[in-house]
Amino acid sequence: MPDPRALLLLVVATPLMLGCQGDGAARAPAALGPGTPRSTAGYHTQASWNGGYVVHWRSAPAELPVGEPFALEAWVADARAPEVLLAGVELEVDAAMPQHGHGMTRRALVTRASDGSWRAEGLLFHMPGEWRLYFDVRNGPLLERAEARVVLD
Amino acid sequence: MSWWAAAVLASVPCAAQQPAGAPGVAAHESLPPLDARTRARVLRLERRAAPPADPTNRVADDPRAARLGQFLFFDARLSRDGRFSCASCHDPAQAFTDGRRVSEGRVPLARNAPTLLDVARQRWLFWDGRADSLWAQALQPLEHKDEFDTGRVELARRVHGERELRTAYEALFGALPELGDERRFPPGARPCADEADPRALAWLAMEAADRRAVERVLANLGKALAAYQRRLLPRGSPFDRYVAALREQGEAATGTVDEAARASAYPAAARRGLELFLGKADCRRCHAGATFSDQEFHNIGLAGPDGGPPRDAGRHAGLRALRDDPFNAHGTFSDQRDGARARELGQLVAGPETWATFRTPTLRNVARTAPYMHAGQFATLREVLQYYSTLEGSVPVGHHGETVLQPLKLGAAELDDLAAFLDSLTDPPLAEELLRAPPSPLPDEPPR
């Protein structure tokens with residue numbers, strides 16, 4: 001039986017546009033780079049709300065802890081080429097417990113690695129329960145959010 | 001069968017197996033084993049690992065530093081007029097609290113004295129988290145005008161002027177500066193909030209290098225005090241024994257009776273309270289992990305003194321004080337200025353939601369640490385449980401605040417069970433030698 005702490009329920013985010021509805025410009029990701037396809041093995045994959053991007057992410061440690069800092073590794077791809085790392089965009093990472101009306105008590109430190117992937121450090125889920133991980137992909141003034149639902153027991 | 005006949009029949013086998021001196025233990029025979037999910041939750045409350053290291057304090061686990069720190073902890077000569085020692089508010093006989101609603105310094109202080117038991121496991125210190133290490137915490141009462149009220153130069157001079165203290169200090173931290181030179185080190189010199197204060201002027205008139213040398217002595221005294229407090233690690237509560245039995249049993253518990261409870265003589269009421277704690281009452285939401293604290297800050301809706309919104313800013317002010325503290329993990333006197341704790345300082349989120357939030361206290365030994373909450377708002381554990389059950393008298397936390405709390409609506413029997421569970425978190429006393437002043441700040445001579 002799997003450890004309940006490893007229970008990651010990844011919701012395929014309903015592509016609700018919410019406040020961005022009608023802002024079709026957010027569907028124009030940066031131009032594809034010359035990258036070759038990368039393996040997505042071991043990564044969770046999350047489509048952005050507007051469908052322009054996918055974010056591949058994994059945590060370190062793999063089993064997300066309660067009350068201890070952890071890191072995320074992530075890379076962004078154009079939804080039309082989901083296995084090719086997309087350069088030229090920025091990534092921000094945050095998290096919240098919407099059910100309780102609070103976020104994390106700290107901001108993640110997000111840095112870009114030399115291969116164009118991202119590392120977010122210093123995240124901490126201080127409570128068990130349902131968290132939402134937010135990956136904000138920024139391309140100039142345009143921003144799309146991918147959201148992963150994570151349940152920690 | 002009449003009700004009394006059923007009761008007699010049910011009680012006979014229990015009574016026969018009840019260990020002497022453990023009233024009510026046999027009642028757990030009627031309790032089934034924990035389900036897998038609850039069992040996993042219980043095991044996460046286990047004290048397994050040693051407390052986290054403190055790399056900002058290189059003597060944190062040095063026994064010589066712990067000895068010096070223990071000596072200082074009980075030494076009222078650290079206070080301006082010899083009235084106070086650390087043990088004044090953190091009395092070993094009262095689980096390292098003072099049993100008061102709020103502590104008594106030179107005037108009544110604003111907050112309740114938290115226990116120091118298991119304090120090495122705390123990520124933040126003070127109710128508002130304005131210190132990020134035990135050693136940085138220890139420094140603040142020393143100079144506070146309502147507490148020890150002893151300036152840092154005077155503290156350093158006292159260590160310098162007493163042979164054993166000086167020997168113990170220098171064995172750990174190297175030679176003290178020439179503190180006997182009153183021209184370079186004016187006895188009353190210290191930073192003050194009022195920069196026109198003569199003591200502050202004297203402090204600012206000192207050479208920068210001399211100020212720095214005194215600050216280093218102050219930081220080192222804090223590091224020794226921390227080394228002692230890191231040893232206040234009780235073990236062996238009834239709950240610990242139950243968890244050990246549960247772990248020993250493995251996942252094979254398939255019977256109809258909680259054998260771990262029986263093997264550890266864990267009271268039935270406590271076992272029921274444990275299930276409430278992890279289930280219906282959902283206390284684990286904030287009281288999580290081996291310390292029974294999420295190590296974070298929450299506003300639980302406690303009213304201010306006038307029954308209105310809370311006036312004590314709590315973490316909101318504590319965050320600023322923490323960042324401004326020259327003795328924080330990133331400061332000059334930290335032994336790991338670029339480590340994870342130092343980086344964390346730049347990541348902490350301050351916003352309107354941090355107003356009136358206070359650190360989640362540990363529940364270990366909570367039955368011995370009344371009164372409760374940051375200002376001692378509740379005299380008894382029963383009052384605390386009643387509050388969470390009804391939230392009567394609470395004030396809205398504001399639209400920026402979290403909404404974790406809902407009235408638990410617990411019945412009297414459930415409150416009793418939760419109280420029994422909390423009582424089962426009481427550890428046996430620490431070793432006697434940790435509870436009193438040692439005869440000397442120097443380590444004992446090895447036996448010949």
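**Close-up views of salt bridges and a loop proline**

**View 1. The side chains of A:Asp153 and B:Arg41 form a salt bridge, with 2.4 Å from N to O.** The pair joins two chains, because A:Asp153 lies in the segment after strand S9 (142–152) of chain A and B:Arg41 in helix H2 (residues 36–43) of chain B. A salt bridge is taken here as a side-chain nitrogen of Lys or Arg within 4 Å of a carboxyl oxygen of Asp or Glu, while helices (H or I, at least four residues) and strands (E, at least two) are DSSP runs numbered from the N terminus. Both A:Asp153 and B:Arg41 are buried, where buried means under 20% relative accessible area, exposed means over 50%, and partly exposed lies in between (1.4 Å probe, protein chains only). This is a predicted model, in which local features need pLDDT of at least 70 and side-chain atom pairs count only at pLDDT 80 or more, whereas totals for chains, interfaces and linings use all residues. Residues are numbered from 1 along each chain as its sequence is written, chains are lettered from A and ligands numbered from 1 in the order in which they are written, and side-chain values use heavy atoms, with hydrogens and water left out.

**View 2. A network of salt bridges links A:Asp153, B:Arg37, B:Arg41, B:Arg44, B:Asp282, B:Arg284 and B:Arg285.** Within chain B, the side chains of B:Asp282 and B:Arg285 meet in a salt bridge at 2.8 Å, N to O. B:Asp282 is partly exposed, at 24% relative accessibility, whereas B:Arg285, at 15%, counts as buried. Over all chains, the structure holds 56 salt bridges.

**View 3. B:Arg158 and B:Glu154 are joined through their side chains by a salt bridge of 3.2 Å, N to O.** The two residues are separated by about one helical turn, because they stand four residues apart in helix H6 (residues 152–161) of chain B. B:Arg158 is partly exposed, with a relative accessibility of 26%, and B:Glu154 is likewise partly exposed, with a relative accessible area of 23%.

**View 4. A:Pro98 lies in the loop of chain A between strand S4 (90–97) and strand S5 (102–103).** With a relative accessible area of 46%, A:Pro98 is partly exposed. Leaving aside residues up to four places away in sequence, A:Pro98 touches A:Glu130, A:Arg132 and A:Tyr134, a contact being heavy atoms within 4.5 Å. A:Pro98 and A:Trp131 are 33 residues apart in sequence, and their C-alpha atoms are 7.4 Å apart in space.
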